[in-house]
Amino acid sequence: MRKASIERKTTETRISAIVDLDGTGSYDVRTGVGFLDHMLEQLSRHSLIDLTLKAEGDLHIDFHHTVEDSGIAIGQAIAKALGERKGIRRYASHHLPMDGTLTRAAIDVSGRPYLVWKVGFTAPRIGDFDTELVREWFQAFAMHAGVTLHLETLYADNNHHVAESCFKALARAMREAVEIDPRQKDRIPSTKGLLAG
């Protein structure tokens with residue numbers, strides 16, 4: 001049962017997250033930020049990780065805290081669901097095309113958080129969503145999921161596709177990396193004998 005739930009409450013946000021790593025990609029996401037909801041729905045659907053996320057944040061200030069804290073909560077829930085990370089494939093990468101945009105994600109579900117971000121935007125906003133918040137979400141997620149994540153957009157045709165291809169590329173890489181490898185289902189995939197930060 002690789003499921004977990006997280007409750008996160010601060011003076012800025014109140015978030016509950018539930019994940020099932022062995023799901024079907026079903027989701028119920030409500031953050032109050034339409035673009036973020038759309039990205040997290042893509043993450044769930046294409047990773048096959050079931051995701052329920054409810055967030056209430058200080059949106060009257062801006063979207064920053066809700067975006068960052070949703071990344072923290074989802075990362076923490078995934079780390080909790082992984083447990084000792086026994087039997088997982090651990091490494092994966094994926095090239096994700098979206099029309100004229102191509103993004104590469106490479107992940108190591110190592111317990112060691114790190115983000116390499118080689119993604120650029122040509123405008124400060126997608127609708128009412130600040131494009132700089134895309135990196136904030138991935139930074140929060142990588143740090144709290146305990147993953148090393150490299151993301152790079154190789155070329156792009158528009159900013160919506162840049163952001164969405166990042167979430168979808170992560171989703172497809174996560175789908176493979178957290179799968180149980182039947183050849184080592186009872187072993188931790190490391191010569192150290194543990195995967196932890």
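This is a predicted model: local features need pLDDT of at least 70, side-chain atom pairs count only at pLDDT 80 or more; totals for chains, interfaces and linings use all residues.
How many nonpolar, polar and charged residues does the lining of the second largest cavity have? Residues are numbered from 1 along each chain as its sequence is written, and side-chain values use heavy atoms, with hydrogens and water left out.

**Figure 1. An open sheet holds four strands in the order β1-β2-β4-β3.** Its pairing is mixed. Helices (H or I, at least four residues) and strands (E, at least two) are DSSP runs, numbered from the N terminus, and two strands pair if DSSP finds at least two bridges between them. Because β1 (3-9) and β3 (27-30) each have a single partner strand, they stand at the edges, and one side of each is left without a neighbour in the sheet. On average, neighbouring strands here are turned by 5 degrees against each other, direction ignored. (Axes are lines fitted to C-alpha atoms, for helices over the stretch in contact, and angles run from 0 to 180 degrees between N-to-C directions.) Look for β1 beside β2 (residues 13-20): the two pair in the antiparallel sense over seven bridges.

Figure 2. Contact means heavy atoms within 4.5 Å.

**Figure 3. The largest cavity has a volume of about 70 Å³.** The structure holds two cavities of 30 Å³ or more. On a 1 Å grid over the protein atoms alone, a cavity is a set of points where a 1.4 Å probe fits but cannot get out, and lining residues have an atom within 4 Å of a point. Grid points are joined across faces, edges and corners, and a volume is the space filled by probe spheres set on the points. Among the lining residues are V19, L43, I74, F141 and M174. The elements that give two or more residues to this lining are α1 and α2, and α1 gives the most, with three.

**Figure 4. The second largest cavity holds about 30 Å³ of space.** Its lining includes F35, L36, V67, W137 and F167. Two or more residues come from each of α1 and α3 (132-145). Here is the answer to the opening question: the lining has nine nonpolar, no polar and no charged residues. For the largest cavity, the lining divides into eight nonpolar, two polar and no charged. (Ala, Val, Leu, Ile, Met, Phe, Trp, Tyr, Cys and Pro count as nonpolar, Asp, Glu, Lys and Arg as charged, and the others, Gly among them, as polar.)

**Figure 5. Another open sheet has four strands in the order β5-β6-β10-β7, with mixed pairing.** At its edges are β5 (91-98) and β7 (114-118), each pairing on one side only. Strand β7 and strand β10 (residues 148-155) run parallel, joined by five bridges. V116 has H150 as its bridge partner in β10. Helix α3 lies across β7 and β10, running at about 155 degrees to β7.

Terms used. On a 1 Å grid over the protein atoms alone, a cavity is a set of points where a 1.4 Å probe fits but cannot get out, and a pocket is an open set with protein on both sides within 12 Å along at least five of seven lines; lining residues have an atom within 4 Å of a point.
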